[in-house]
Amino acid sequence: MGAELITVSTDTEFVHLAWKRDEKELADVKYAMGADPTGKLSRLFGVYDEGSGLALRGTFIISPDGTLFNSEVNFYNMGRNIDELMRKFKANLYLARKADEGCPSKWKDDGDKTLRPGPEMVGRVHEALQD
Amino acid sequence: MSDEITTAKIGQQVPDFELTVYEPENHGFGSRNLADLKKAGKWTILFFYPADFTFV
């Protein structure tokens with residue numbers, strides 16, 4: 001889909017290798033596993049926890065021109081929903097082509113209902129979502 | 001006092017970064033940087049998590 005997924009933790013690349021080799025859940029992993037032992041990249045995205053030296057669960061989507069389109073940060077112990085990540089990513093791809101439209105919360109994929117914000121929609125979002 | 005730590009913000013340009021990575025497909029180490037990903041016309045998804053050997 002023209003995207004590169006990179007996972008990042010403050011572990012080194014050597015630990016990533018050992019984890020990938022040991023953990024059966026990671027058997028199919030093909031994405032690059034980024035090492036940020038200094039926390040430099042984690043700080044850039046505001047997810048570095050100074051107390052523990054660990055990165056919080058943050059997801060960031062950057063467009064091909066380098067703009068930050070999405071950011072989601074969860075506190076410890078809350079896992080992320082990959083379907084929601086994919087929904088956001090697809091919506092970003094869609095909106096990169098059609099900047100004058102809006103993807104409402106229930107938008108899932110190309111062909112789903114979008115909105116065109118404008119004066120005629122003021123106070124009529126409910127109606128706009130119906131047709 | 002100057003604050004050297006800048007934080008990426010929604011709708012703004014992300015400063016260039018470089019990262020050492022483990023590449024499972026090549027069974028080796030490599031690197032990624034935002035400038036190259038942009039040159040390749042790719043979207044970049046960064047997925048941070050606290051630590052290996054835990055759930056992500």
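Predicted model: local features only at pLDDT ≥ 70, side-chain atom pairs only at ≥ 80, totals over all residues.

User: Which elements make up chain B, and in what order do the elements run?

Analyst: Chain B contains 1 helix and 3 strands. Read from the N terminus, the order is β-β-α-β. Of the 56 residues in chain B, 23% are buried.

User: In what order do the strands of the sheet stand?

Analyst: The general idea comes before the case. Strands of a sheet pair through backbone hydrogen bonds, and the pairing is either parallel or antiparallel. In this model, 7 strands form an open sheet with mixed pairing, in the order 6(A)-5(A)-3(B)-1(A)-2(A)-1(B)-2(B). The edges are strand 6 of chain A and strand 2 of chain B; each has a single partner strand, so one side of each lacks a neighbour in the sheet. From one strand to the next, the twist averages 25 degrees.

User: How many bridges join strand 1 of chain A to strand 3 of chain B, and do these strands run parallel or antiparallel?

Analyst: Strand 1 of chain A and strand 3 of chain B are joined by 6 bridges and run parallel. Within this pair, Ile6(A) has Leu46(B) as its bridge partner. Strand 3 of chain B is also joined to strand 5 of chain A, by 4 bridges, and these two run antiparallel. There, Phe60(A) stands opposite Leu46(B).

User: Where do helix 1 and helix 3 of chain A lie?

Analyst: To place a helix, one names the strands it touches and then gives an angle between directions. Helix 1 of chain A lies across strand 2 of chain A and across strand 1 and strand 2 of chain B, at about 25 degrees to strand 1 of chain B. Helix 3 of chain A packs on the sheet, where it touches strand 1, strand 5 and strand 6 of chain A as well as strand 3 of chain B. The direction of helix 3 makes about 20 degrees with that of strand 5 of chain A.

User: How many residues of strand 3 of chain B are buried, and on which sides do they lie?

Analyst: In strand 3 of chain B, 6 of its 6 residues are buried. Trp43(B), Ile45(B) and Phe47(B) are on one side, with Thr44(B), Leu46(B) and Phe48(B) on the other, and both faces are covered.

User: Which residues have the most contacts inside the largest nonpolar core?

Analyst: The largest nonpolar core has 24 residues, and those with the most contacts inside it are Val8(A), Phe45(A), Ala55(A), Val21(B), Leu46(B), Phe47(B) and Phe48(B). Strand 3 of chain B gives the most to this core, with 5 residues. Leaving aside neighbours within four places in sequence, Phe48(B) has contacts that include Val8(A), Phe45(A) and Ala55(A).

User: How many residues of each chain are in contact with the other?

Analyst: In general, the size of an interface is often given as the accessible area lost when the parts come together. Here one may count residues instead: 48 residues of chain A are in contact with 38 residues of chain B. Strand 1 of chain A supplies the largest share of the chain A side, 7 residues. That side divides into 25 nonpolar, 14 polar and 9 charged residues.

User: What is the phi value of Asn77(A), and where does this residue lie?

Analyst: Asn77(A) has a phi near 70 degrees, a positive value in a residue other than glycine. Asn77(A) is in the loop between strand 6 and helix 3 of chain A. Asn77(A) counts as exposed because it has 9 C-beta neighbours inside 10 Å.

Key: Residues numbered from 1 in each chain as written. Chains lettered and ligands numbered in written order. Contact = placed C-beta atoms within 7 Å. Nonpolar A, V, L, I, M, F, W, Y, C, P; charged D, E, K, R; others polar. Buried ≥ 20, exposed ≤ 12 C-beta atoms within 10 Å, placed from the backbone. Pairing = 2+ DSSP bridges. Axes fitted to C-alpha atoms, helices over the stretch in contact; angles between N-to-C directions. Core = buried A, V, L, I, M, F, W, Y, C linked by C-beta atoms within 7 Å.
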